[in-house]
Each structure stands twice: as structure tokens, then as C-alpha cells.
Amino acid sequence: MAHGPAKGIGRWLFTTNHKDIGTLYLWFSFAMFLLGGTFAMVIRAELFQPGMQLIKPEFFNQMTTMHGLVMVFGAIMPAFVGLANWLIPMMIGAPDMALPRMNNLSFWILPFGFSLLASTLFMEGGGPNFGWTFYAPLSTTYAPSTVNYFIFGMHIIGASSIMGSINIIATVLNMRAPGMTLMKMPMFVWTWLITAFLLIAVMPVLAGAVTMMLMDINFGTSFFDAAGGGDPVLFQHVFWFFGHPEVYIIVLPAFGVISHIIPTFSRKPLFGYSSMVYATASIAFLSFIVWAHHMFLVGMPIGGELYFMYATMLIAVPTAAKVFNWISTMFRGSISYETPMLFAIAFVVLFTIGGFTGLMLAIAAADVQYHDSYFVVAHFHYVMVAGAVFSGTAAVYYWLPKWCGRMYNETMGKVQFWISFIGFNITFFPQHFLGLAGMPRRYADYALQFSDWNMISSIGAFIYGASQLLFIFNVIRTIRSGTPVSEPKTWEGAEGLEWTVATPAPYHTFATPPEVK
């Protein structure tokens, strides 16, 4: 017997529609963003002044760990997978993703993985307290009793990423519209295709690391225990072989988003399309061979330090090529500064600052001073937040009218941009000074000389957090009661033909010729 489409909750539980699944990913990622942001607010509230104000050091460690894990694996990655689900089939002319049922499964295991992770905070022993990089032996020999839940949660999250990546690769390679060759694909599709290969290569490495942890904790092995013949530094090698490509897994789709927004609001095609594709592939390849620049202090030979220093600096070349291409796209363009463009320009400026501080950290001799200080925290937040969150916000503003047929409030969007831009810089720019002055990261208390910049940083964090509430208000208001933008306009063509064009938003159709009715 034929059944109609599922209604209510069933629609979302059993959906195989790429748009529905993309929507689920986006809402889930925003919920995780708010959760991770709440953890960050706890951290910054505690660091507002020296001494222990609000929480115990042990809980502070749990907050720093959960903030990192939730933001990286729960907020940023699912947000870009959500964008991929929504946009890739439409950009390549496919009816849906190649493997729709697996698409459904890859989303629905995520809430279980993160519920498992978050529930450890309420268990005896407390949540993970060993930093988001979960270095052994802190995460094995000295871990809380809840560490097994953490390991299981990471396995589930990794399985979701691998399934999503297989789906994207299968879709892009097999379901492009006739005539769409690889070098005609939109940049967002290219960046995600390369990112999907990265994910499939490195997520099993993460799974291997947490499985070895599981064995050390429960089954008497000594992979990372020096007393049994193991090596804690092995954990760092395995983790960062996953962890460094992970940074680019987060930021490559962001490059794709920016490569759509800047040409639109510059009223020009993207400058140097093929060089952008090759630069993206180069960054992906190089990301695999620089992992130990996170490990300059473990006592590696000088030859190893030199290799990882030069290889890390080499990554700056294709990254700079992309920045110059975006600037060249804007050069002499007819630029208009709508909200997505403001976020895109901020992305280029702030991500470049993050890139420069990354070059400072790449210098092995100097990294001895910077390592594990707040300078590193400032650097990777300029890459992660300015890179991933600003571009993700830009993407939502840019494509929201296409998704729901309604226009967001432009004034509110611009106000939200300026509050978040100012709040972000007040939060993280002073942390460069703190780090250079010698303040170590992940400390719940600090010496008196660091108090002024910490107070400023905490004030900025609450400003930035408040801006996200304005963002969610604007999005919900748009979906519920925004101005409809899809009414067809009909007029007589030059030769008496009648033309019809639907305008999802003024800037979505600037380069699209109207179709003959």
C-alpha cells in the first residue's frame, strides 16, 4: 500500500531529503555552538580577575576540554556538512545526495554521540578534564572514570564524518549534470570534495588514537605508558597527524563559501578560478606533512625541527594565493556592503592575521617561547572563529533567502556583524599580548600582571556572545515572518518575448539571465 510523505516528527526522523538533512545539521550545529559558547562564557567569567571566583580548577579544566570538543566536532564541522547537504546537489544539478539513507544515519548518530559526551559532566568523576587534544597520559593513566564514554562518543562522531564524506564524494563524482566538468564546478563544491578526501584519510587515525587509549585504560596495554615500554609522545604524533588536517577540514569549506560571496558582491567573476582549485589541493596535501609543528617542545632532532618549520611555512604560499585572488576579485569591482560581504571581508582580514601569527609559531626557535601560552589561543581562534564561524555566518545570511524564500533584516544583520566583529577582536587580540608576556593557557588562575588584559578579553567575550543571540533572533524572525522575496516579475522582452524571473534576493540573481517563459 502506498504511503504519503511523513508528517510532523516522522518527517525529520526518517527524511532522506538533502535539504531537510542539511537543515537538521545546521540547527544541531547552532545548538552545539550555543552550548560550546556557554562553556566559553564560564571560562571567561572565571578569568575576569585573578583568584578563584566561581568554579573549582577541576571544573575549569572540564570546561576548557568540553568547549574545544563541542566547538570543533559539534558546531563547526556539522555546520559545514549542513551547508554541503543543502548546496552541493543544487550546485551540481543533482536530484539529491548519492546515498540518502546513509545521509540520514550520518546525522542522527550525532545527537547520541554528543549526548554521551555532555552527559559525562553529570556523572561521578566529572567530564573529560584533559584538554580537547586529550594528550596521554592525562587522558589514560590519570583520566576520570568517564573517559570510556568520551572515547565511545568520539567513535560515533568520527563514523558520522566518514559517512558524510563518502556521500559527498559519491555525489560529486557521479551525479553532476551533463556538461559540468570538474573544472566547471562551483568553488564550494571543489573545497568540499577535497575536504571529504581529507576526512576519510584522517578520521580513522583519530579512531586509532582513541582505540589505543581504550586499550591502555581497560586492557593492560602500554601504547602511551612509558612504564610499560610505551611512549606518550607517540600519542602526540598520532593525534596531530589527525589534528592538523582537521584544521583545514574546518577551513577549506569556509574558503569555498568566501569564494562565492566576494564575487557576488564585487559584481565580478572569481579571479583565478583554476589557481584557487590547485591552491586548495596543495593546502590539503601539505596539511598531511606538517603535523609535528605542534610538537617542537618534545625534544625532536634539529633536522626534524627544520623540516617541519619549512614545510609549515610552505603552506603559507597557496593560502596567500587564495587571499590575493579574493582581493583581486574585489579590485575595481562594483562592491556593495551587504551583511554577507561584511562577514566575508572580515574573514579575509582576520584569517590573514591568524595566518601571520601561525607563521610566527612555525619558527621552531621562537615557538619555544610561544608554545602553550595564550598567544597560541589567540592564533587558533583567529583561524577557527574568524575563519569558520564568520564564514558560516556569512553563508547563512547569503543563502537564507534561497532556503526559506524570505529576506532577513539587513539592518539587524549589519548591527550583528559590527557587534560580533568588535567583540571578537576585543576578546582575542589582547590574548596575543598575554601570551607574549608569558601567561600559560588552560590555567584557572594567573599572576596579577595579567589581570588588565584578561578583564578586557572577558568583556569582549560577553559582547561577542551577545551578538550570536541577535543572529539567532534574525534567522528565526526571517523564517517566520521575513519579507517574501520569490514573487515572479514579468515584463515584455526587447523583441516582444515575455520574460519571467523569480528573485530569491537582489544579489542571488545578478548574474543569472531570466528564462524565456
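**Notes on a predicted model: loops and aromatic pairs**

1. Let's start with Pro137, which sits in the loop between helix 4 and helix 5 (147–174); helices here are DSSP runs of H or I with at least four residues, strands are runs of E with at least two, and both are numbered from the N terminus. The peptide bond leading from Ala136 into Pro137 is cis, with omega near 5°.

2. A word on the ground rules. This is a predicted model, in which local features need pLDDT of at least 70 and side-chain atom pairs count only at pLDDT 80 or more, while totals for chains, interfaces and linings use all residues. Residues are numbered from 1 along each chain as its sequence is written, and side-chain values use heavy atoms, with hydrogens and water left out.

3. Stay in that loop for Phe134, which is also found between helix 4 and helix 5. Phe134 is not a glycine, yet its phi is positive, at about 35°. For background, most residues other than glycine have a negative phi, and most peptide bonds are trans. Phe134 is buried, with a relative accessible area of 0% (buried means under 20%, exposed over 50%, and partly exposed in between, using a 1.4 Å probe and protein chains only).

4. Thr120 belongs to the loop between helix 4 and helix 5 too. Is Thr120 buried or exposed? At 0% relative accessibility, Thr120 counts as buried. Leaving aside residues up to four places away in sequence, Thr120 touches Gly126, Gly127, Pro128, Thr146 and Tyr149, where contact means heavy atoms within 4.5 Å.

5. Another positive phi, about 60°, belongs to Asp372, again not a glycine. Look for Asp372 in the loop between helix 11 (364–370) and helix 12 (374–404). With 37% relative accessibility, Asp372 is partly exposed.

6. Now for the rings: how many aromatic pairs does the structure hold? There are 48, where rings of Phe, Tyr and Trp (its six-membered ring) pair if their centres lie within 6.5 Å, and planes under 30 degrees apart count as stacked, over 60 as edge-to-face and the rest as tilted. One of them joins Tyr25 and Phe107 edge-to-face, 5.2 Å centre to centre with 75° between the planes. This pair links distant parts of the chain, with Tyr25 in helix 2 (residues 18–46) and Phe107 in helix 4 (residues 100–119), 82 residues apart. Tyr25 and Phe107 are both buried.

7. Helix 2 also supplies Phe30, whose partner Phe471 lies in helix 14 (residues 451–481), 441 residues away. The Phe30–Phe471 pair is tilted, at 5.7 Å centre to centre and 55° between the planes. Phe30 and Phe471 are both buried.
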